[in-house]
Amino acid sequence: MNGISFEVPKNVAQAKELQEELRKELEFCTYDGDWRYICGVDVAYSKGSRVGVAAAMVLGSNLAIEDNSVAMMDVNFPYVPGYLSFREIPVILEALKGLEVEPDIFIVDGQGLAHPRGIGLGCHLGLILGKPTLGVAKSLLVGEFEEPEFVYGDWRPLLYKGNTVGRVVRTRDWAKPVFVSPGHLIDQEGAYNVVMNTLHRYRLPEPTRLAHLLAERTKRESRKKKK
DNA sequence: GCGACAG
DNA sequence: ATCTTGTCGC
């Protein structure tokens, strides 16, 4: 069950056209939550954002690490809000090639549906992989919401242009909420459940949190090795 | 024209 | 996101 291939847009205008086209392919279905391996992805940057370091962390249902992989490569596309996927997907795909275990579902560090054109990094990656994917962002890109209660697990719908595009979730007492939205082959309730089931004692779910640490550590080690 | 703006 | 040491607090 493979997905589409990654196309490289020449500029932001082309990227926008591509997103509007890909948006039609997204499928938000109910998710049974029945995964064996879940993969978190994150990208760190060095050399003034010229080089990207992607990390993929695969966890089992007990949240124990089952596999991981990293990749580093020059990043071409600039960071433009709303077009993050064109900047991060190439190096992410490279990292995923190094996995020996095949994940059932993916969590991305960024938005899914909660995006200006309804196709954030989580959605785009999901289409390419052809697997359930969701986004968990640390800050808002688009939408409006009411403050969730300051209690673990509480949430409020994230509204954008009259539609609910995700959930603003309090993943820890008193901590800033995170923005959860479906990417592909999953719905809002499913995405919320996956996040709640992969939280440990931190604000971010373990797959993404550990992928972030791995990417940071890899970057740190490689910059000292080169100089 | 003025702000907002994932990582 | 990145550049960066120590420091306050659970």
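For sorting residues I count Ala, Val, Leu, Ile, Met, Phe, Trp, Tyr, Cys and Pro as nonpolar, Asp, Glu, Lys and Arg as charged, and the others, Gly among them, as polar. On that basis the surface near DNA strand B divides into 9 nonpolar, 6 polar and 4 charged residues, where near means that a heavy atom of the residue lies within 4 Å of the strand.

I keep in mind that this is a predicted model, in which local features need pLDDT of at least 70 and side-chain atom pairs pLDDT 80 or more, while totals for chains, interfaces and linings use all residues. Residues are numbered from 1 along each chain as written, chains are lettered from A and ligands numbered from 1 in the order written, and side-chain values use heavy atoms, without hydrogens and water.

I found 19 residues around DNA strand B, the closest being Tyr79, Gly82, Leu84, Lys138 and Ser139. Of the atoms of DNA strand B that come within 4 Å of the protein, sugar and phosphate account for 48%.

Last, I checked for disulfides (cysteine sulfur pairs within 2.5 Å) and counted 0. Cysteine 39 has its closest cysteine sulfur in cysteine 123, 17 Å away and therefore too far for a bond.
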